[in-house]
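Trainee: I would like to go through this model piece by piece. Please show it to me before we start.

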Amino acid sequence: KILTQGVLVIFYTSICSNYLPKAMALAESVKRHCPNAYFVLCLVERQVPEVAAAYPHFDEIILAKDAGWENFDSFMFRHSIVEASTAVKPRFMQHLVERYQAESKFVYLDPDVLVYSDLTELEALLDHQSIVLCPHLLRPGNIDMELRSLAHGSYNLGFLAVSRAQNAVDFLDWWAERLFLFCYDDKSRGIFTDQKWIDLVPSFFDAYILKHHGYDFATWSLLGSDMRQVDGR
């Protein structure tokens, strides 16, 4: 595919085939609401299933093993299926930054995410911010959710956005190295796949914390969401 120089936002998600239906729904929602989106599927499999190859909302499908890895099989062997799908995220984002030299905005979304409107706030932020993170919680009040955030990470790595800048390059280098060695669900050692590592990012790099209730809206963020019935709907 030929990309229009410098105007697209590159979105991607990383999955094994068991999450393909969710990734298909995600891609459709992104393409529906974000007209300048280019959606790439990172697939942690040996080959691309026919149903994925034929799906019109995947602009491109790249096997994770083809994203510049050394000893990919031995790396995968160390992980569970969830850990494997997570561990490839920073290296694959590096691959996208290297692959699409004309583009400057890159967004990761988990496959179980749906987009319900355009992401104009995010696109505007990426004009002058090189790392954008979303916190799980925006206000205190639910101690159970606060404890879960302490265990699983303050930031939801179902979302991560970077723009082309040295700060983002340095961050991705660091994150990829850490996940190559330590991307495990091992909370007794203070690790929860990729998520706990990101607690360190605001200390190590220049990062913007996106405190917008419309982003990362989920069960853990219902507290104080002020949801109400309007006009009988």
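**Helices, sheet and cores**

Trainee: Which elements cover the buried residues of α1?
Mentor: First, the terms: helices (H or I, at least four residues) and strands (E, at least two) are DSSP runs, numbered from the N terminus. Buried means under 20% relative accessible area, exposed over 50% and partly exposed in between (1.4 Å probe, protein chains only). What lies over the buried residues of α1 includes β1, β2, α2 (50-53) and β4.

Trainee: At what pLDDT do side-chain atom pairs count?
Mentor: Numbering runs from 1 along each chain as its sequence is written, and side-chain values use heavy atoms, with hydrogens and water left out. The model is predicted: totals for chains, interfaces and linings use all residues, local features need pLDDT of at least 70, and side-chain atom pairs count only at pLDDT 80 or more.

Trainee: Which residues of α1 are buried?
Mentor: α1 has 14 residues and reaches 20 Å from its first C-alpha to its last. That is close to the 20 Å expected, where the expected span is 1.5 Å times one less than the number of residues. Its buried residues are Leu 20, Ala 23, Met 24, Leu 26, Ala 27, Ser 29 and Val 30.

Trainee: At what angle does α1 run to β2?
Mentor: α1 (residues 20-33) lies across β1, β2 and β4 (105-109). Axes are lines fitted to C-alpha atoms, for helices over the stretch in contact, and angles run from 0 to 180 degrees between N-to-C directions. Relative to β2, α1 runs at about 170°.

Trainee: Is Glu 28 buried, partly exposed or exposed, and which residues does it touch?
Mentor: Glu 28 lies in α1. Its relative accessibility is 23%, so it counts as partly exposed. The C-alpha atoms of Glu 28 and Leu 114 are separated by 8.8 Å, though the two residues are 86 apart along the chain. Contact means heavy atoms within 4.5 Å; not counting residues up to four places away in sequence, Glu 28 touches Tyr 55 and His 57.

Trainee: In what order do the strands of the open sheet run, and which strands stand at its edges?
Mentor: Two strands pair if DSSP finds at least two bridges between them. The sheet has 7 strands in mixed pairing, in the order β3-β2-β1-β4-β6-β5-β9. Each edge strand has a single partner, so one side of it is left without a neighbour in the sheet: these are β3 (60-63) and β9 (208-209).

Trainee: What is the bridge partner of Phe 106 in β6?
Mentor: β4 is mostly covered, with 5 of its 5 residues buried. Lys 105, Val 107 and Leu 109 point one way from β4, and Phe 106 and Tyr 108 the other way. β4 and β6 pair in the antiparallel sense over 5 bridges. In β6, Phe 106 has as its partner Val 162.

Trainee: How many residues of β1 are buried?
Mentor: Val 9, Phe 11, Thr 13 and Ile 15 point one way from β1. Ile 10, Tyr 12 and Ser 14 point the other way. The buried count for β1 is 7 of 7.

Trainee: Which residues have the most contacts inside the largest nonpolar core?
Mentor: A nonpolar core is a set of buried Ala, Val, Leu, Ile, Met, Phe, Trp, Tyr and Cys residues joined through side-chain atoms within 4.5 Å. The largest has 42 residues; those with the most contacts inside it are Val 40, Phe 171 and Trp 175.

Trainee: Which residues does a second, separate core include?
Mentor: This core has 31 residues. Among its members are Phe 39, Leu 43, Leu 109 and Tyr 215.

Trainee: Why is α5 largely enclosed by the rest of the structure?
Mentor: α5 spans residues 89-99. Its buried residues include Phe 92, Met 93, Leu 96 and Val 97. α5 is largely enclosed because the buried count is 9 of 11.
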